[in-house]
Amino acid sequence: MIRLFICFLTLFLFTSRYCESQTIKNLPQDYFVNPLDIDLKLSGTFGELRSNHFHSGLDIKTNQRTGANVHAAASGYVSRIKIERYGYGKALYITHPNGYTTVYAHLKKFAPRIEAYLKKKQYQKESYTIQLYPTDLELRVDQNEIVAYSGNSGGSGGPHLHFEIRDSSARPINPMMMGIEIPDTKRPLVKQIKAYPLNESSTINGKNEAKLLRLIPLKGGKFKVEPFSAYGEIGIGVNTSDQQSAANNQNGTFHIETYFNGSKNFEMTFDRYAFSESRHINQMIDYEHFKNTKSRISRLYIPNESPLSLYEHHINKGVLQLYDAGTTHSYSIQIEDYKKNSVEINMDIKNEAALESIPYIDNNPMTFVDHNSTYNQSYGPYSLMIPKGALYQSEFLDLSQSADTLKVHKDIVPLHKNMIISYDMSSKENDNLKQYYIGRVTSWGAVYHVNTRRKGNILSAATRTMGTYAISKDDTAPTIKPINFKNKQWITKNKTLRLKIADKDTGVDGYRATVNGKFILMEYDYKTGVITHDFSDGVVTDSENELKVIVTDNVGNSTTFEATFYRKS
């Protein structure tokens, strides 16, 4: 019976993996159409390396303008509408009969019937930020129907359309694999190669230190690397990007594979991943190198315990085993974009002898933190908790406290989970404790607010960024300034009511506006600090109107602005 169960389980796992493989390879090619009626030019590709995440779709240029028609890539129904200040800004999700969902983000506004549906819900909730899940009968759309207009909302760095295709498990998948055509005749770019000793006995050119290697360009998209020697377990990393024909943006590549002594030993394809995997990008790249230089080197080997499904065929997780002194090994990297444009990097590695003795490294006064255990320690009025699994590997960290400042190493070691920093406010209990917060201190001395909670005299903040933290106080209320009107002014010709809101210390947390005691919807653009009411909402109908706007910052300071304006009804 046990043997039968094992056989069944083996067959199930094999069949599941086979079906998974077939699913990713046999994708529909003629089901989805381009979401814009302009030539597609990309400022970002699928899987591109971003801060703390992989890019989950295509960033399509809109010629530096907003308002381009956004079409449904296939028939279906609007299954989700999400409005947020940051992130995707205004986003629309359409679920299709074949089980896939398309996502359209950073929008300016929606098509009229979708906009009307949204506005009704926003007024019911009395909130600009909202998340809605219409039923499959409420907002059906046809392929090529205009569903929205492109914009620059949320965390967008400029006008464009962010477009995604997600499978039935909500995993983003590369739209180029689904028939979305992007002209591309350019080869990928190669910028840096780096070699890494992966344990204390491994060496590069006789030293237990990572080393950038000189790239030598050849003809026909080929490179060679300056000769070097190594011993032990070695990893190689590459800094690469890609360009498409119609734009010069340096975007992400599609496929990388490596060969050691003629045999494939590592492969990585940016075809699909789960959102739960995305933060593991900080383990995949050389995080310290990125923080010091702003350039990302991808490790061409699999770090311990990495769950990334982007990794494919590998031998020894892509790690090179160099133990035969005097032997010369060949290693090559092939980088390819989706249109099969490729580059090749070749190198010879001479196997050097092992060090006679391993150099002693003095880690005093650093603190050893085991990534398999929770670290919990007090530092004066501070407490620091780094949970089990927050570090990708055990580390020696520089941890110290001075007065109201806590140093948690430097932001060159990534955290996968939040560490918790707490501070005992007993010494300040005669002050207004509500105005205090935990802030991150920059290298130039500025203090940035970290979302802080207070329970009694204890402040606590959760963060996934190492660095220096300090207790700060914000006793300055937000500011509110009208932009396109003045108190007691006739503004009949105005289509909108606009005000600029700001808070210089902890930032704007919330705002609420009413006219004659009735809630009015105001859209917030955090990049400009402007809130806008559209009179076409039909809420303002009286000739004489009393406007009241209340803005609150992140520690609870608030400012109230009041004005009277007139409109012909």
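I take helices (H or I, at least four residues) and strands (E, at least two) as DSSP runs, numbered from the N terminus. I am working on a predicted model, where local features need pLDDT of at least 70, side-chain atom pairs count only at pLDDT 80 or more, and totals for chains, interfaces and linings use all residues. Residues are numbered from 1 along each chain as its sequence is written, and side-chain values use heavy atoms, with hydrogens and water left out.

**Entry: R80**

I looked up R80 and found it in strand β6 (residues 76-83). Is R80 buried or exposed? I call a residue buried under 20% relative accessible area, exposed over 50%, and partly exposed in between (1.4 Å probe, protein chains only). R80 has 18% relative accessibility, so it counts as buried. For contact I need heavy atoms within 4.5 Å. Beyond its neighbours within four places in sequence, R80 touches A91, L92, Y93, Q131, L132, Y133, P134 and R166. I also checked R80 against N487: they are 407 residues apart along the chain, and their C-alpha atoms are separated by 40 Å.

**Entry: nonpolar cores**

I define a nonpolar core as a set of buried Ala, Val, Leu, Ile, Met, Phe, Trp, Tyr and Cys residues joined through side-chain atoms within 4.5 Å. The largest has 66 residues, and I81, L92 and L547 have the most contacts inside it. Which strand gives the most to this core? It is β43 (residues 508-515), with 4 residues. A second, separate core has 40 residues, including L300, L320, Y331 and V343.

**Entry: aromatic pairs**

I pair rings of Phe, Tyr and Trp (its six-membered ring) if their centres lie within 6.5 Å; planes under 30 degrees apart are stacked, over 60 edge-to-face, and the rest tilted. I count 19 aromatic pairs by this rule. F46 and Y273 make a tilted one, with 5.7 Å centre to centre and 40° between the planes. F46 sits in the loop between β1 (42-44) and β2 (49-50), and Y273 in the loop between β22 (263-269) and α3 (281-284), so the pair ties together parts that are 227 residues apart in sequence. Both F46 and Y273 are buried. Ring pairs link F46, F54, F270, Y273 and F275 into a cluster.

**Entry: cavities and pockets**

Rolling a probe the size of a water molecule over the atoms shows where empty space is left. On a 1 Å grid over the protein atoms alone, a cavity is a set of points where a 1.4 Å probe fits but cannot get out; a pocket is an open set with protein on both sides within 12 Å along at least five of seven lines, and lining residues have an atom within 4 Å of a point. Grid points join across faces, edges and corners, and a volume is the space filled by probe spheres set on the points.

How many cavities of 30 Å³ or more does the structure hold? I found 2. The largest cavity has about 70 Å³ of space. Its lining includes T45, F46, D242 and Y338.

The largest pocket has a volume of about 1500 Å³. Of its 38 lining residues, P197, L198, R299, Q393 and E395 are the closest to its centre. The second largest pocket holds about 800 Å³. It has 33 lining residues, and K90, K108, K109, E523 and T532 lie nearest its centre.
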